[in-house]
Amino acid sequence: MIKIFLSKLVILLCLNCSINVYAQHILSGVRYQLGTSAYLSEKIPFWMRAGQYGLVPLKGSFVSILVNASKEYDSTKVEFQKIRKFGFGYGTQVGINAGKHSQILLPEAYVKLRYGVFEFYAGRRKEIVGLVDTTLSAGSYIWSGNALPLPKIQISIPNYASIIGNGLISIKGMFAHGWFGKQAYTEGYYLHQKWLYSRIGRESWKVNLFAGINHQVQWGGYSEVLKNNNISTNDGYFSADPFVYLNVILPIPWKIPKDVTYTAYETLNRFGNHLGSIDLGISFKTPVTDIYFYRQTPYEDGQMPEVILSMDGNYSIIFDLKDKRQFSKISFGYLDTRRQGGQITNFAKWLGKKETHYGEVQNYFNHGQYLEGWSYRDNGIGTPLIISSNNLLITSPYELYSIDNRIQSYFFAATGKIMKYEYILKSSFIKSLGIFGLKREKSLNQFSSSISVSRPLSKLNLDSRFNIGFDSGKLYGNNIGINFSILKKW
């Protein structure tokens with residue numbers, strides 16, 4: 001009996017030790033951040049709010065608190081100096097805004113698993129999609145980090161993985177399903193998302209080429225506003241069956257089943273709101289600077305041939321300087337969305353190409369079924385330079401995400417260090433023609449700028465930042481605001 005008791009005691013102690021060791025492993029290496037900010041402004045200037053994942057409200061002075069906890073993958077090298085194949089991580093961030101419109105936000109709450117080059121994650125997570133500089137640009141065209149992240153489940157190859165020639169050709173890609181939930185006009189609808197990008201050339205080469213495509217779809221759900229609109233809905237419901245999902249994933253002319261009835265609007269648009277961008281890029285390494293050039297070409301409604309031959313696009317060139325002093329990185333950007341699939345270039349016409357969709361515009365980020373358009377929780381998911389109607393001074397009778405999607409925009413940004421102070425400068429100039437169908441005699445212009453200066457307080461182990469922004473124009477208005485923040489990391 002004593003032997004049996006001792007044996008069971010040993011087993012229980014071992015199990016307890018295993019659980020404790022596993023729990024310690026889960027909790028080991030966790031990084032914490034605590035930040036507090038104060039914003040002073042009647043209306044928050046554009047570049048103090050854009051690209052902030054929906055954390056900064058539009059109006060009113062307020063105080064913000066951000067709490068982060070995250071665990072990254074174990075990067076310890078094992079035998080043969082290789083990283084472990086399996087890894088896990090997680091992250092959470094809570095934002096609290098106290099002011100005229102107080103709110104509690106959860107921009108991040110996710111768990112992630114890695115096996116080799118593959119990653120799976122579930123939850124909300126901050127992301128940017130597309131070929132673009134993620135630290136010093138006006139934002140990616142299709143997925144810019146301007147809105148609160150959607151809850152998703154996703155499997156991906158997040159980093160370039162070699163498929164030919166030991167890095168000569170590498171790819172990365174992703175497939176995801178997400179939930180929009182309930183918004184102003186639509187509820188219970190979904191996100192389908194995928195992308196595939198390739199790189200030609202090894203990282204050590206002086207020249208690399210990049211190309212890729214991303215595809216997003218809003219589909220399914222119910223709209224009380226459109227309940228009596230039988231052209232676009234079935235009693236307010238958008239179709240969401242296996243055949244619809246097949247069209248969502250592969251929007252090609254599938255044969256419609258005989259025993260199912262769909263609306264004309266759904267079959268015309270391949271079910272849902274399809275949109276994305278086709279991206280191209282090239283990088284050069286020189287003794288003085290690394291140079292990156294990217295073009296993101298928007299598409300909607302399946303008009304890819306016309307889009308590729310159009311001048312519409314998000315262009316950027318970045319100079320990453322080797323001498324990291326007054327200037328460490330400089331960025332120039334240009335966004336043109338005036339044509340929207342309805343006009344190809346003169347060069348394309350010279351090649352004998354024809355405008356097969358003449359007069360049919362894509363109406364970027366707006367949609368006839370999903371009246372919220374390409375937005376989430378009142379913030380645009382794509383480039384912030386196409387401004388939401390809720391944030392504009394001008395009004396319109398149309399129920400659209402934006403009455404400002406035909407624009408030309410010029411962008412400049414720079415970052416560097418002067419003595420102990422690091423700075424980031426962002427400036428943009430927008431010329432807006434409104435939207436097709438809304439006549440405007442002349443363009444409305446808007447200039448916005450911000451400069452952020454930070455300095456580490458080494459004695460207190462803190463980071464401090466001061467930011468001032470201002471706007472001048474007829475789109476977003478004339479605004480000025482300041483922000484001061486303190487960040488503590490463990």
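Visitor: Let's start with Val 94. Which strand is Val 94 found in?
Guide: Keep in mind that this is a predicted model. Val 94 belongs to a nonpolar patch on the surface, together with residues including Tyr 32 and Trp 490. The strand that holds Val 94 is β3.

Visitor: Is Val 94 buried, exposed or partly exposed?
Guide: Its relative accessibility is 30%. Buried would need a value under 20%, and exposed one over 50%. So Val 94 counts as partly exposed.

Visitor: How much accessible area does the nonpolar patch have together?
Guide: Among its members are Leu 34, Ile 65, Ile 96 and Leu 106. The elements that give two or more residues to the patch are β1, β2, β3 and β4. Taken together, the patch residues have an accessible area of about 810 Å².

Visitor: Now for charges. Which residue forms a salt bridge with Glu 127?
Guide: Side chains of opposite charge can pair when their charged atoms come close. For Glu 127, the closest N and O atoms in the pair are 2.9 Å apart. Glu 127 sits in the loop between β5 and β6 and its partner in strand β6, so the pair ties together parts that are 25 residues apart in sequence. That partner is Lys 152.

Visitor: How many residues apart in sequence are the parts that Lys 329 and Asp 133 tie together?
Guide: These two form a salt bridge, with the closest N and O atoms 3.2 Å apart. Lys 329 lies in strand β13, while Asp 133 is in the loop between β5 and β6, so the parts tied together are apart in sequence by 196 residues.

Visitor: And is Asp 133 buried or exposed?
Guide: The cut-off for buried is under 20% relative accessible area. Asp 133 has 12%, so this residue is buried.

Visitor: Let's look at a hairpin. Which residue in the turn between β18 and β19 has a positive phi?
Guide: The two strands pair in the antiparallel sense over twelve bridges. Four residues lie between them in the hairpin, and one in the turn has a positive phi of about 55 degrees. That residue is Asn 461.

Visitor: Where is Asn 166, and is Asn 166 buried or exposed?
Guide: Asn 166 has a positive phi too, near 55 degrees, and is a residue other than glycine. You'll find Asn 166 in the loop between β6 and β7. Its relative accessibility is 68%, so Asn 166 counts as exposed.

Conventions: Residues numbered from 1 in each chain as written. Predicted model: local features only at pLDDT ≥ 70, side-chain atom pairs only at ≥ 80, totals over all residues. Heavy atoms only, no water. Pairing = 2+ DSSP bridges. Buried < 20%, exposed > 50% of the residue type's maximum accessible area, 1.4 Å probe, protein only. Patch = residues over 30% accessible without salt bridge, like charges linked within 9 Å, V, L, I, M, F, W, Y side chains within 5 Å. Areas by Shrake-Rupley, 256 points an atom, 1.4 Å probe, with all protein chains shown as cover. Salt bridge = Lys/Arg side-chain N within 4 Å of Asp/Glu carboxyl O.
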